[in-house]
Amino acid sequence: MGTAPSFRADIEGLRAVAILAVLACHAGIAWLAGGYVGVDVFFVISGFLITRLLLDEVDRSGTISISRFYARRAKRLLPQAALLLIAVAALSLLVLSPLRGVEISGDIVSSGLYMANWHFAAHAVDYFAQGAEPSPVLHLWSLGIEEQFYLVWPALLLGLVWLGRRRGSVRPIVCVALALLFAGSLTLGIEQTAAQPAWAYFSTFDRAWELALGAALALLGSVGLPRPLAAVLGWAGLGAIAYAVLAFDAQTSFPGAVALVPTLGAAALIVSGAARRAPAKLSPATALSLPPVRYVGRISYAWYLWHWPALVFAAAIFGPLSALAGIAVVLAALLPTVVSHHLVENPLRHSRRLTSLPSRGLALGAACMASAVVAGIMLIHLQPTLHTLPAAEAKGALALLREPRLQRRATAIRPNPLHAGADLPRVYYDGCLTGIEGTASHSCLYGDPHGNSTLVLFGDSHAMQHFPAIQAVAKRNRWRLVVLAKRECTPAEARVRDAVEKREYSQCDVWRQHMLERIEASGGPVTVVLGSDTAYTAYGPHGEELSGRANAAALEAGYVATLKRLRRAGIGAVVVRDTPEAPGSVPSCVSEHMQDLGACAFPKEHRWNRSFDLRAARQVPETGLIDVTPEICSGRLCRAVIGSVLVYRDNAHLTATFSRTLSRWFEPALKRAVAR
């Protein structure tokens, strides 16, 4: 089936290309923003090398020792990863806030179990939009995919070999299986990238074709290409990788079909270096085999592990990093890289004692996994205790009536900052927020179902954050309250970009139209309360993405169009102005500064581009306006805690507890609107 695997110096050099591309991207070098494709190059290399090793074992022994394979992988990969995860746990405890520590503990545990990719996919993490606080182990999603491949592929290949021998021909069976795996996974990846790009990015099923491509190259074996043709093929492959690094960025629909560019480039380089005759002097295989290039490739695994946490912790300490600072941090990560490579990775990898018995390598791997999981669990238990204020003592905005000054400290807060993310309005748990793909809303009715007047809360999650306040008003006044809300969808009649899926949000347009028709057909006295995030990106008349004042003008016009449409239908409207946005996670800051809450206050910025909802409300006669910014912000500072109540559950959404205390500020405007 294959030939005895000889060392490929050019592939070691290809690892250097892959790691340098990733490092450049993560360091923030704008013109190398597509460097994330280095991970895809690694996938192809892994599929090739592992399959070549397994095929050689089949040729020599007629079978595959699963235990020996797992033992080799365990001592090669797991000690370094465990060391990194323990270091991340320790640094998180020292450097990051208690809330961040709790969040990262789950990341560490999933990484220690090599399920990080599914963990981050389940949390819908956007790899390119982490804001100021990404996980220091986010990059280990790729290691999770590789480990899952290592877990399944040897057993599957052994089964294919057994089946092939029963049928008298092994190679065709393996070829067909790889072709099916490649085609099925690639098709799924293309479909998922269009529908759920965050999931597709992390999913093993959507990435398996890249490893299958490498495996197919191993099955191909050495090829008898002429030197000139091999050189041309190699340079074309290197050019494809370079093109992806230079042309792709965070907006590229990836992985999908475009991932074929760097992966086929890597495949071309592998094939060109596998020519039976010695490579030409001017071939990329010769350049990749140079000692300095090979050394970078040799330490690429360790450098990949250490560089990302270094960037995350540096940003946590010093603030957002410039590209120059990012490069400096990446270079500084060479210190733990080189030390761990030479003192941990190599000694264990080449240990005769561990090699002699597979059980020893497996025991080492199990110990490494266990130590990483324990480190993640201990990170939770070592966090300081934060006390939750009893509900009866949580005054929130009502405290401003007697004490308008900034609250400086607290011994207990409600909700507890460690659990602020779960302090959601009831409507979330009732399933009233329509998802990205949905175009209709459930019947979410609150207040007095027999009330003579109806309020309709209409918008996105920034509208839903005000539900507790509006519900309290509706109950006191015996009004019906209907909730029509969709994720990432503005009530403004404007085509917008879906920030999660990174595409034109056609479902928003359909949903908005259906909901407006539903409101117009509802009958009886109706008042619509509109709320929305103001950070949307609108499209221009020619399908171009707008920015700055042009974007704000398009969204303002869309808001005005919605308000005028409601007015023509005889329906009252009240706009709730979007709340100020904090520069980082408010609960995270508060969890670290209970005795200095002023450290978590943030400047109130007047941004014309984010005030279009206010301007739209003033343009349309008889439109009500509710603005709680003066209650959240005192002078030029916006408060993190008011009346011992945490104001935000993240950086942009109010906690349900605080929203509930704002009802007296909502009531006058709502009463005036209903009375019209």
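Reader: Which residues make the nonpolar surface patch of about 550 Å²?
Author: In this predicted model, the patch is made by Leu91, Leu93, Leu94, Val374, Met378 and Leu382. Helix H3 (66–95) and helix H18 (358–381) are the elements that give two or more residues to the patch.
Reader: And which element gives the most to the patch?
Author: Helix H3 does, with three residues. Leu93 lies in that helix.
Reader: Is Leu93 buried, partly exposed or exposed?
Author: Leu93 counts as partly exposed, because its relative accessibility is 35%, and that class lies between under 20% for buried and over 50% for exposed.
Reader: Changing topic to the strands: why is strand E10 said to be largely enclosed?
Author: Strand E10 covers residues 572–576, and four of its five residues are buried, so the rest of the structure largely encloses the strand.
Reader: Which strands pair with E10?
Author: Strand E9 (residues 526–531) runs parallel to E10 and is joined to it by five bridges. Strand E12 (residues 623–626) also pairs with E10 in the parallel sense, over four bridges.
Reader: How does the chain cross from E9 to E10?
Author: The chain passes through helix H23 (residues 548–568), and this β-α-β crossover is right-handed.
Reader: Now the cysteines. How many disulfides are there?
Author: A search of the whole structure finds four disulfides. With the bonded cysteines numbered in sequence order, the pairing is 1-2, 3-4, 5-6, 7-8.
Reader: What can you say about the disulfide of Cys489 and Cys508?
Author: Their sulfur atoms are 2.0 Å apart. The torsion about the S-S bond is about 80°, so this disulfide is right-handed. Cys489 sits in the loop between strand E6 (480–486) and strand E7 (497–498), while Cys508 is in helix H22 (residues 506–520), 19 residues apart. Cys489 is buried at a relative accessible area of 0%, and Cys508 is buried at 0% relative accessibility.
Reader: Is the link of Cys589 and Cys600 right-handed or left-handed?
Author: That link is left-handed, with -95° about the S-S bond. The S to S distance is 2.2 Å. Cys589 belongs to helix H24 (residues 586–592), and Cys600 lies in the loop between H24 and strand E11 (602–603). Both cysteines are buried.
Reader: And which hand has the disulfide of Cys633 and Cys638?
Author: This disulfide is right-handed, because the torsion about its S-S bond is about 85°.

Methods:
Residues are numbered from 1 along each chain as its sequence is written. This is a predicted model: local features need pLDDT of at least 70, side-chain atom pairs count only at pLDDT 80 or more; totals for chains, interfaces and linings use all residues. Side-chain values use heavy atoms; hydrogens and water are left out. Patches are made of residues with over 30% relative accessible area and no salt bridge: like charges are joined within 9 Å, nonpolar side chains (Val, Leu, Ile, Met, Phe, Trp, Tyr) within 5 Å. Accessible areas come from the Shrake-Rupley method with a 1.4 Å probe; for residues, only the protein chains shown count as cover. A salt bridge is a side-chain nitrogen of Lys or Arg within 4 Å of a carboxyl oxygen of Asp or Glu. Buried means under 20% relative accessible area, exposed over 50%, partly exposed in between (1.4 Å probe, protein chains only). Two strands pair if DSSP finds at least two bridges between them. A crossover is right-handed if, with the strands pointing away from the viewer, the path from the first strand over the helix to the second runs clockwise. A disulfide is a pair of cysteine sulfur atoms within 2.5 Å.
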